[in-house]
Amino acid sequence: MNPADIRFLFDYDRWATEKLLASLDGIPDDLWSASEVVGDRGLGSILVHHLGAAQRWRHGIQQTGQEARPELEPLPSAAELRSRWQAEWVEVDAWVPTMTEGLLDHVHEGIAVWQMLIHVINHGTQHRSEAAALLTDAGHSPGDLDMIDYADALAASASAHADRPTGRDGTADD
């Protein structure tokens with residue numbers, strides 16, 4: 001596993017989470033605040049746990065000494081959760097480019113850091129899937145969240161960018 005692969009995975013995780021968060025507009029309060037729908041959690045608490053777990057893993061690997069526990073706080077609104085994710089992505093965007101192969105290959109308690117990071121992404125996929133099922137049942141589907149759909153969107157964007165006419169200086173003519 002190399003740093004570029006990790007960046008791709010974190011970018012995918014963000015893309016899928018953003019799609020899911022965008023589908024929260026107009027959901028009923030009772031859907032957001034319900035509990036014991038999937039295990040002991042409902043839609044809002046599933047998504048808060050997703051954020052909290054991502055934060056805890058980041059803090060643990062970075063060894064910041066902090067341990068985020070948003071699950072222990074009152075349930076935020078969907079808008080507040082989006083804001084908290086935005087703040088987390090700022091931290092992730094600063095952190096991921098500093099990752100080296102040495103860090104990724106470092107083994108802590110028998111597990112390589114790259115394996116821990118893939119766990120974070122898979123954990124997010126689990127909880128997005130739970131939330132997506134609840135949202136789809138309520139008529140608020142986030143659409144396809146598969147990694148291949150993200151890769152396809154990247155390829156289409158790269159192709160569209162490559163096909164744009166350029167001016168004499170090599171920059172795109174807009």
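Q: Which residues of α1 meet which residues in α6, and what does contact mean here?
A: From α1 come Ile6, Leu9, Phe10, Tyr12, Asp13, Ala16, Thr17 and Leu20; they meet Trp114, Leu117, Ile118, Ile121, Gly124, Thr125, Arg128, Ala131, Ala132 and Leu135 in α6. Contact means heavy atoms within 4.5 Å. Those residues split into 13 nonpolar, three polar and two charged (Ala, Val, Leu, Ile, Met, Phe, Trp, Tyr, Cys and Pro are nonpolar; Asp, Glu, Lys and Arg charged; the others, Gly among them, polar).

Q: What are these values based on?
A: It's a predicted model: local features need pLDDT of at least 70, side-chain atom pairs count only at pLDDT 80 or more, and totals for chains, interfaces and linings use all residues. Residues are numbered from 1 along each chain as its sequence is written, and side-chain values use heavy atoms, leaving out hydrogens and water.

Q: Why is α1 called roughly parallel to α6?
A: The axes of α1 (residues 3-22) and α6 (residues 113-137) come within 10 Å and cross at roughly 15°. Angles under 35 degrees count as roughly parallel (over 145 is roughly antiparallel, 65 to 115 roughly perpendicular, the rest oblique), so α1 is roughly parallel to α6.

Q: Leu104: buried or exposed, and how do you know?
A: Its relative accessible area is 0%. Buried means under 20%, exposed over 50%, partly exposed in between, with a 1.4 Å probe and protein chains only, so Leu104 is buried. Leu104 sits in α5 (residues 101-105) and touches residues including Met1, Ile6, Trp114 and Leu117.

Definitions and conventions:
Axes are lines fitted to C-alpha atoms, for helices over the stretch in contact, and angles run from 0 to 180 degrees between N-to-C directions. Helices (H or I, at least four residues) and strands (E, at least two) are DSSP runs, numbered from the N terminus. Lists of a residue's contacts leave out its neighbours within four places in sequence.
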